[in-house]
Amino acid sequence: MIKLGIVGLGRIGKIHLSNLLNFFPQVTVQSVCSGGGDSLSYAKELGVSNLFTDYKAMLSHGKLDAVIIASPTSLHKEHILSTLELGLPIFCEKPIDLEIETVRKLVKKIEEKNVPFTMGFNRRFDPNNQKIKRYITDHIIGNIQTLHITSRDPGAPPLDYIKTSGGLFLDMAIHDFDLARFFVQSEVTHVFSQGTVFGNAKIQELNDIDTATTLLQFENGCFTTIENSRNSTYGYDQRLEAFGSSGRCGYDNIREDSTYLANSEGYHQEKPLHFFIERYQSSYLNIMKAFIKLLETGKQSMVNSNDGLQSLAIGLAAMKSIKENRLVALTEIL
């Protein structure tokens with residue numbers, strides 16, 4: 001049996017806990033750690049017996065084979081360093097940290113320790129994205145020239161969450177930055193962004209935005225445009241198109257169901273799925289399958305700490321671009 005510990009039982013931590021308990025007979029969740037009594041009660045109801053509010057106490061209680069870090073971003077550094085001291089494999093949710101220098105040092109430490117490390121960019125493991133990746137990698141559409149990603153949330157998170165999340169670029173769009181690197185198979189050289197607030201004006205008071213368009217230029221010449229919004233009244237809008245020298249590929253939204261109605265009043269379909277928990281349900285399961293397989297085989301992670309560093313750098317460049325209203329070279333950040 002693979003013995004796992006989980007720190008952090010917010011929305012994402014609960015998803016990982018539920019998936020591990022329901023789909024992985026070769027795994028036992030030996031311990032969980034969380035700051036809240038309600039979340040620990042949730043784990044207890046699911047049958048986890050070792051419950052902690054102190055992370056180092058969890059690490060010292062019994063032998064663990066790996067740890068899943070789904071705690072608030074501000075605690076990731078502490079939790080990563082404590083885990084590295086024991087040489088345990090790590091699965092860490094994004095971002096690693098909000099400070100580029102902190103992440104750079106942690107990436108170096110992870111590499112020095114040679115510890116298996118998987119970054120929680122689950123969207124790479126979505127079946128649609130996996131298929132698009134094959135179309136690009138196998139040159140079915142030829143050499144990729146442009147990529148367009150649309151990512152719109154049905155609403156902004158609570159203001160208290162925005163205060164510590166890193167904002168639209170480091171909490172939301174960071175997934176799109178990672179997807180762009182995943183598909184284009186090259187590194188970003190320049191970033192240009194424009195953004196504003198169309199919804200709750202208090203978001204602006206927190207130095208954040210709810211709407212942005214970002215242009216990424218890659219070393220291989222490909223251009224990527226990313227549209228982000230937190231004001232989608234019709235549901236969770238997730239669409240993508242890749243254009244290449246021999247064709248194009250992409251996908252539309254996954255809807256609440258696949259029915260339609262056509263009559264004299266028009267053509268009607270159901271709305272897109274409500275939010276990321278429903279839309280990316282399979283990707284959360286698939287990334288955990290990949291992590292467990294990594295523990296079983298020792299093979300290299302498909303998404304590592306450097307992927308976390310690169311996507312954070314793109315997000316910080318996007319923020320700098322808006323602030324200074326100019327094209328930003330990624331070398332200015334890295």
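A salt bridge is taken here as a side-chain nitrogen of Lys or Arg lying within 4 Å of a carboxyl oxygen of Asp or Glu. The structure is a predicted model, in which local features need pLDDT of at least 70 and side-chain atom pairs count only at pLDDT 80 or more, while totals for chains, interfaces and linings use all residues. Residues are numbered from 1 along each chain as its sequence is written, and side-chain values use heavy atoms, with hydrogens and water left out.

We begin with the sheet. Helices (H or I, at least four residues) and strands (E, at least two) are DSSP runs numbered from the N terminus, and two strands are said to pair if DSSP finds at least two bridges between them. On these terms, six strands form an open sheet with parallel pairing, in the order β3-β2-β1-β4-β5-β6. Its edges are β3 (50-52) and β6 (117-119), each of which pairs on one side only. Neighbouring strands are turned against each other by 20 degrees on average, direction ignored, where axes are lines fitted to C-alpha atoms, for helices over the stretch in contact, and angles run from 0 to 180 degrees between N-to-C directions.

Strand β5 (residues 90-92) runs parallel to β6 and is joined to β6 by three bridges, with Phe91 standing opposite Thr118 of β6. Helix α1 (residues 11-23) packs on the sheet, where it touches β1 (2-7), β2 (27-33), β4 (66-69) and β5, contact meaning heavy atoms within 4.5 Å. The direction of α1 makes about 155 degrees with that of β2.

Turning to the charged side chains, the count comes to 19 salt bridges. In one of these, the side chains of Asp126 and Arg279 meet at 2.9 Å, N to O. Asp126 lies in the loop between β6 and α6 (127-137) whereas Arg279 belongs to helix α11 (residues 276-279), so the pair ties together parts that are 153 residues apart in sequence. Both Asp126 and Arg279 are buried, where buried means under 20% relative accessible area, exposed over 50%, and partly exposed in between (1.4 Å probe, protein chains only).

Glu187 and Arg181 also meet through their side chains in a salt bridge, at 2.9 Å, N to O; Glu187 is partly exposed, with a relative accessible area of 24%, while Arg181, at 8%, counts as buried. These two residues belong to a network of salt bridges that links Arg124, Asp178, Arg181, Glu187 and Asp307. A further salt bridge joins the side chains of Glu324 and Arg326 at 2.6 Å, N to O, and here Glu324 is partly exposed at 36% relative accessibility, as is Arg326 at 28%.
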